[in-house]
Amino acid sequence: MKKPILVGLLVICSFYVSAQETQNLIYQGNQKLNEKAFSEAESKYRKAISDNPNKIEGIYNLGNTHYQAENYQEATQRYFQAQKLADSKEKRHKAFHNMGNSYMKKKDYPQAVEAYKNALRNNPNDEQTRYNYALAKSLLEQERQDDSQQQDQQQDNSEDQDQQDNSEDQDQQDNSEDQDQQDNSEDQDQQDDDSQDQNQENEEQNSDDSSQQDNQSDQKQENSDQQESQQQPSEQNRLSPQQIKNLLQAMDNQEKKVQEKINAQKVQGIPTRGKDW
């Protein structure tokens, strides 16, 4: 019967020693925190949490160490753990209040508003929490207004840029159209010049052809006159059929007369000599 009592006493003493050691570590951590020896304070608090993971003071004070060391992300995590382990509204209120302060340092105003709101649920009469809550709401509203104005400004800038781009595109299109009109005008001028030159060439060609044709006509007329001149003597020397007939008849009559004369001479004994053929 005595042995179980002895074992129970040993367990109680061991638990008491462990709790006392955890409390001593937390106390030492608080001293280092007041000295702003953040690394040493963190080491004490972590050792205390390792000995007693549910010791809310170690977790809460470790969050304070992170907060003063400006490690606000770690601080919010420790305060969140602390409010879950809190066994009273006052402890829960302090955890949420400090969590709101950490979010304010990160300029995460929506989360800060929610943290202060939870703190006020646990202690509605804390004036400091009420002030911080009102400040977080005001900063959140200002942030939203700034974001809205920035979006409007970006939209205006985008519209201005679009208008500028459209204006540049229109100017470029107008310049292109002006250039096309200028090119078309130059092409038309060139075409008119070419047409004028071609017309002039055609006129000159027609003039040359006309001159050549006139020369050819003159040459033909000259050739015709020359031919008529050459043919005129021939036509003058040409005998008509009646004249030829008369000449032939005259020749026959002459031959008859000569033959009659020869025959008469034969009768008178005049020697005659025939023609050699």
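The model is predicted, so local features need pLDDT of at least 70 and side-chain atom pairs count only at pLDDT 80 or more, while totals for chains, interfaces and linings use all residues. Residues are numbered from 1 along each chain as its sequence is written, and side-chain values use heavy atoms, leaving out hydrogens and water.

Begin by selecting threonine 22, which is found in helix α1, residues 2-34 (helices are DSSP runs of H or I with at least four residues, numbered from the N terminus). Threonine 22 is buried, at a relative accessible area of 2% (buried means under 20%, exposed over 50% and partly exposed in between, with a 1.4 Å probe and protein chains only). Next, show Ala48, Asp51, Asn52 and Lys55, which threonine 22 touches when residues up to four places away in sequence are not counted (contact means heavy atoms within 4.5 Å). Asparagine 52 lies 30 residues from threonine 22 in sequence, yet their C-alpha atoms are 7.0 Å apart.

Now turn to the salt bridges, of which the structure holds seven (a side-chain nitrogen of Lys or Arg within 4 Å of a carboxyl oxygen of Asp or Glu). Select lysine 32, whose side chain meets that of glutamate 35 at 4.0 Å, N to O, and also that of glutamate 40 at 3.0 Å, N to O. Lysine 32 is partly exposed at 25%, whereas glutamate 35 is exposed at 53%.

Finally, select glutamate 42 and arginine 46, which form a salt bridge at 2.9 Å, N to O, and both lie in helix α2, residues 38-51, four residues apart.

Conventions: Helix = DSSP H or I, 4+ residues; strand = E, 2+ residues; numbered from the N terminus.
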